[in-house]
Amino acid sequence: MELAVEARALGKRYGRAWALRDCALELPAGRIAALVGPNGAGKTTLLHLAVGLSRPDAGEVRVFGRDPRSVLADIGFVAQDTPLYRDFTAAELITMGGKLNRRRWDTALARERLARLGIPPDKPVGKLSGGQRAQVALALALAKRPRLLLLDEPIASLDPLARREFMQALMGAVADSETTVLLSSHLLADLERTCDYLVVLQASRVRLTGAVEELLDAHRTLVGPRAGSESVAGVAEVVRASHTERQSTLLVRRGAGPIDPLWTEHEVTLEDVVLAYLDDADARVSAAAWGVPA
Ligand SMILES: Nc1ncnc2c1ncn2[C@@H]1O[C@H](COP(=O)(O)OP(=O)(O)OP(=O)(O)O)[C@@H](O)[C@H]1O
């Protein structure tokens with residue numbers, strides 16, 4: 001199995017604080033991966049390391065088995081807030097991209113995409129809407145025909161319709177290619193429809209990673225009579241538990257064998273799994289820093 005992104009004990013520090021720590025990751029080529037986690041979890045830091053914009057302070061990251069800086073021609077990157085040269089028109093940016101990426105720049109692809117989306121070629125991109133600017137940034141990244149496409153919260157500022165259009169455009173564009181995508185976002189519902197791989201970061205660390213289908217299959221929500229800390233047959237791990245006076249709800253990782261029939265089993269969504277793995281570590285750290293009770 002070819003790995004598009006591989007991180008081993010990867011760490012990045014700003015001053016004394018680790019923005020990313022002990023990060024282990026193996027993203028198989030051909031996947032469309034969601035990178036999720038709360039604000040400040042380290043998502044941008046990881047993407048910047050993978051595109052060679054910053055250097056690790058510990059461990060290493062490889063892209064297609066090599067140092068990211070030696071495969072830049074194979075990586076497309078859409079940075080947070082799509083920072084384009086705002087005085088340039090989309091047509092000018094496409095021409096500029098062609099000059100910077102002589103090896104395999106697909107001008108026709110970019111022009112066709114933007115024409116289809118009704119984006120004017122002759123208007124400075126600073127005067128386009130946020131959604132249109134995001135589409136221009138995506139078209140430029142795709143024109144590079146990258147083997148790995150990294151996107152840092154590309155849809156955060158878009159309205160629901162523009163978000164859907166952006167995600168559809170992205171899926172359509174990568175469907176026929178071998179492109180691997182790693183996309184950071186807070187919008188779990190949008191990711192559930194489109195991504196087949198998940199990386200959850202929290203408080204600078206990887207909390208969970210794996211193929212979405214396998215993760216959904218491996219987890220269940222169980223509802224049953226109020227439980228204590230006793231183990232439940234067929235459960236490998238209780239990831240998160242909540243209780244009312246009479247009833248307990250557990251999000252669990254399944255073990256071998258059937259689940260105790262005392263419990264009602266429900267399938268989980270991607271959102272259920274992500275939220276269950278995000279514990280309150282951030283709140284505890286912040287409370288300590290502010291000197292208030294957690
Ligand atoms: N240039 C910097 N100097 C100092 N600290 C930084 C710098 N960039 C990021 N950090 C810190 O590193 C940590 C991780 O930041 P990062 O931007 O990677 O998080 P993120 O998951 O992308 O967050 P968000 O969802 O808010 O974009 C945060 O605590 C942040 O304050």
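1. The largest nonpolar core of this predicted model holds 74 residues. Val5, Ala33, Val136, Leu150 and Leu198 touch the most other members of that core. Helix α4, residues 130–143, supplies the largest share, nine residues. The core also draws on two domains: at least three residues come from each of domain 1 (3–202) and domain 2 (218–277).

2. Take Val136, one of the residues with the most core partners. Which residues is Val136 in contact with, leaving aside its neighbours within four places in sequence? The list is Leu84, Ala90, Leu93, Leu114, Ile119, Val125 and Leu128.

3. Next, the sheet. Four strands make up an open sheet, ordered β11-β12-β10-β13. Pairing is antiparallel. Strands β11 (235–243) and β13 (264–266) sit at the edges. Each has a single partner strand, so one side of each lacks a neighbour in the sheet. From one strand to the next, the twist averages 30 degrees.

4. The β10 to β13 pairing deserves a separate look. Strand β10 covers residues 219–225 and runs antiparallel to β13. Three bridges join the two strands. Which residue of β13 stands opposite Leu222? Glu265 does.

5. Last, the helix on this sheet. Helix α8, residues 270–277, lies across β10, β11 and β12 (247–254). Its direction is about 85 degrees to β11. Of the strands that α8 lies across, β11 is an edge strand of the sheet.

Methods:
Residues numbered from 1 in each chain as written. Predicted model: local features only at pLDDT ≥ 70, side-chain atom pairs only at ≥ 80, totals over all residues. Core = buried A, V, L, I, M, F, W, Y, C linked by C-beta atoms within 7 Å. Buried ≥ 20, exposed ≤ 12 C-beta atoms within 10 Å, placed from the backbone. Domains from an automatic or database assignment. Contact = placed C-beta atoms within 7 Å. Pairing = 2+ DSSP bridges. Axes fitted to C-alpha atoms, helices over the stretch in contact; angles between N-to-C directions.
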